[in-house]
Amino acid sequence: MDQARVVEVWAPGAGQAGTGRVGTGYLLTDRLVLTSYHVVQNVAPGGRVEVRPLEVPQRTAWLTAARCWPHEPVDLDAAPDHDAALLVIDAPHGAGPPAGAVRFGRITGQDKVPCVGLGFPDAEARPGSRRDTMPVRGHVDALHARKSGMLTVHVDEGVVPRRLAGGSGWAGSSGTAVFCGSLLVGVLATDRPVAQDASVLGAVPVTTLAGLPGFRDTLAAHGVGLGLEHASPAARHLADYLTAAHRAATEHPYAGFLPGTAPPLAAVYLRQQVRRLDHDTADGDREAHAAVTTSAATAADDVLADPPTCVVVAGPGGGKSSLLRTRMAAGAARFLDGSAEAVLPVMVPAAALTAELPLRRALAEAVTADLAHHGLSDGIPPELFATAPQPGMRWLVLIDGLDEVTDTAARHRVLTRIARVSGGDDKDLYRFVIATRPLQDNVLDTLGAGVPRYDLQPFGADDLPQVAGGWFRAAGLPDPDDAAERFVLALDRSRLAALARVPLMAAMLCQLHAAAPDQPLPAGRGGIYDRFTTLLHKRQHTADASGSPSRLLAGVDRYGPAASAQAEITLDHLQDITGHLAAERQQAGNPRPAVDIVQSHPSAKRPDRVPADDWNAFLSTALRGSGQLTAHAGDLVFLHQTLQEHLAARHLMNNRHTGAQVLRRVFHQPSRYWPSDHGLGIAPRVWGSRYWGTPREDPSYVGFLLDAAHQCGLTAGRRYLSRLARSGVEGCDFIIELASLGTALPDETLHSTANRLYRLAHNTSWDSDDRVSAAESLAELGDPRAADLLHGLAHNTTLDSDDRVTAAVSLAELGDPRAADLLHGLAHNTTLDSDDRVQAAGILAEFGDLRAADPLYTLAHDTTLDTRLRVDAAETLVMLGDPRAADLLYALAHDTTLDTRYRVQAAESLVELIAATQL
């Protein structure tokens, strides 16, 4: 509140018996005054009132003014919350130019908000028609008298005037501008007789005035903008957080790859789908990870609309961060525009939850650090996350990068904290979505068996033209749709179509093609990253780049030629410096700040004459200008984990001796074979003989190491791969994962792996699920023998029924026409387990085969089946559009012998079916 803007208002003839009325006003401009309507209500049309700005001592005389709003009379008995008026001073220069613009606010939420105002009440009347000021100090109570439409002001500081026989001691303060902090939120209008003293006042909210005819227009005519800010500290913090979070989430997560050209995420984002993982597994075990449910895929953003605590799993670059960002942006936008959901997202890296801090503090510190570069000027207090954002709402905590917490104890702390909160007193306040790469050793079991886990699906082949078209439109290519068609053909020619289904790889390939449409696409993942980093290095030296040498050296030149020369050396060796940083972070696990790490590189050593702060600033700017790093939580981090892996691998392999040591350390995992290891698919000559286990490093990083080793001429990688291929199913599975990531593998390794898997799938001494898994792995390698293997296994009556169905499903996913007949036969086969028959029929239905209807109908009627299976069969029948489904669901819902929860499920499905039919 600016005291110089406070004015006395005198309305001649507006009081009782023709006397004048005193009020208070506030200068919005040098001529425009905001006051109460009832102060000037009885002034004759065209009549004048007088105003006088507060001065000590008083120098300005009374100034005449006229009411300029409202334009029509107001019935205050019917609309007491319309009790406000605008006056315009007659004098051309008014009361003199006020300093700055008035900011307006709104009261939201349930908190009490401190407020202040300054008026001229009757309690401070002096002889000679003089008055002095009295402040209104207290708080606005958002919960008091909500139905009235007024703001309730509790005067709980300073003096409360006595009630007078002739009226309120506050009379004369009508029109006082009520401020919460620096925001004008209301106009004092009435003394509410609800307390023993006169300590409860009513004020007209500015939010109400903003909706009245002519108010905004009158303000605008006098150059006053009416933007409403949050006056409640909690609401203001929430709005500030969401505004910054929305801004950050809408940016593309890999914006630094091509500086200045990365489009907003929404311009190139394509919705992905998820499949729920059976047995709630999301570890790195291939058998477990293959246990993806065969039910229809679901849109990922639908699953995250209001989910229970859950896990989303995808490989490197699989779209996890983009999915969470999109959810964050959508939730923030809906809340800010007033269409809030049941949950409000808050996105944090998993590393932010490793410290032994209360959850609310960990969240507050994480968002404050992450959003400092996105317009969040003030820190977010922990109290914001201690209560619901709104009554009935929950916080949806989006946790990205659990796999990037490499310390197993720290990762366990994160999961334990989530499990404890999800099952504790705050379970209704927080829900969690954890995004991670597949993890080893059943790490996620800490969350509990009831936490669902979803596999984030890659793009489909049909999605690629749309993905490419979005990127090419953003890049400004002349005919983006035609360019997208040519790009997809180029992917097929380069055998990159499968790799391009990974969202990050698709983004990189699209940008590479947009930068050089006539240049052939690189081969393999390592080649793609090599081309990218080369392009980034070139762009660093363009004249308009933020990290261009001319701009960077300008801050060092003043320290003399030696400093400039050292800075030029640093820039010339920036690729090697960023590689050194990546290797320290990836291989050595160095947690120090990036600028401290790079100064250990000879080419980044600080010159003697340059102060440490200035040299650190130079290095920080140079690293960010490289396009490979971005600011995060007060440090610099690589834009994506895979970029760090690639740069680290390339840096380490550039030195042949170091490279050989790294490869041996990664691949030298000797183990001994014992009878309990029968399922490994290894045939030792004697018990206790040695075989080679799989690397403990993440397959993505191992793949980059192999690519870099091959490029540098190190042959040790081929020897290690050959050993892995002979190490049974685990070694074969690791090689398959490397191949699926786009690692360039020797042909002999692929052939050896395929032959080993083929033999294992034929091995009748093996368990049936292991044989089917081996055949599925062979299919992933693209081996043409896999289809016949799967067909034979599905027909093999000595196998367990669930494994036969799994083989048939895998055959169907290969597009083999024999699969439909197989599934039809399995669905009708009464010797199989009932749940396997339901699954076979469900998959047949998913492929649109109407032959699934009869076995599903029969199974849903079978009273010997588990109720869950009968309801599942009936619901699948709905998917086929079978008219018998409605009667089935009705019968199941009314069957009192069945489990209540499944009867409810059947009833709900019936309601949905009826609603869909009516539409």
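Which strands make up the closed barrel, and in what order do they run? The barrel has six strands in the order 1-2-3-6-5-4, and the pairing is antiparallel. From one strand to the next, the twist averages 40°; axes here are lines fitted to C-alpha atoms, for helices over the stretch in contact, and angles run from 0 to 180 degrees between N-to-C directions. Strands (E, at least two residues) and helices (H or I, at least four) are DSSP runs, numbered from the N terminus, and two strands pair if DSSP finds at least two bridges between them. Glu 50 has Thr 64 as its bridge partner in strand 5.

A word on the ground rules. This is a predicted model, where local features need pLDDT of at least 70 and side-chain atom pairs count only at pLDDT 80 or more, while totals for chains, interfaces and linings use all residues. Residues are numbered from 1 along each chain as its sequence is written, and side-chain values use heavy atoms, with hydrogens and water left out.

Now for the overall picture. The secondary structure comes to 35 helices and 27 strands, and the C-alpha trace spans about 115 × 90 × 55 Å along its principal axes. Of the 919 residues in the protein, 52% are buried, where buried means under 20% relative accessible area, exposed over 50%, and partly exposed in between (1.4 Å probe, protein chains only). Contact means heavy atoms within 4.5 Å. Among contacts between residues at least 6 apart in sequence, 65% join residues at least 24 apart.

Strand 12 (residues 151-157) is mostly covered, with five of its seven residues buried. It has antiparallel pairings with two other strands, described in turn here. Strand 11 (residues 134-141) is joined to strand 12 by five bridges, and Arg 137 has Glu 157 as its bridge partner in strand 12. Strand 15 (residues 200-205) is joined to strand 12 by four bridges, with Val 153 standing opposite Leu 201 of strand 15.

Strand 19 (residues 310-313) and strand 22 (residues 430-436) pair in the parallel sense over four bridges, and the partner of Val 312 in strand 22 is Ala 435.

Thr 368 counts as partly exposed because its relative accessibility is 24%. Not counting residues up to four places away in sequence, Thr 368 touches Leu 376, Gly 379 and Ile 380. His 144 is 224 residues from Thr 368 in sequence and 33 Å from it in space, C-alpha to C-alpha.

That leaves the empty space. Rolling a probe the size of a water molecule over the atoms shows where such space is left. On a 1 Å grid over the protein atoms alone, a cavity is a set of points where a 1.4 Å probe fits but cannot get out, and a pocket is an open set with protein on both sides within 12 Å along at least five of seven lines; lining residues have an atom within 4 Å of a point. Grid points are joined across faces, edges and corners, and a volume is the space filled by probe spheres set on the points.

The lining of the largest cavity divides into 12 nonpolar, four polar and no charged residues (Ala, Val, Leu, Ile, Met, Phe, Trp, Tyr, Cys and Pro count as nonpolar, Asp, Glu, Lys and Arg as charged, and the others, Gly among them, as polar).

The second largest pocket has a volume of about 1000 Å³. Of its 43 lining residues, Ile 107, Thr 108, Gly 109, Gln 110 and Ala 235 are the closest to its centre. Helix 4 brings the largest share of that lining, five residues.
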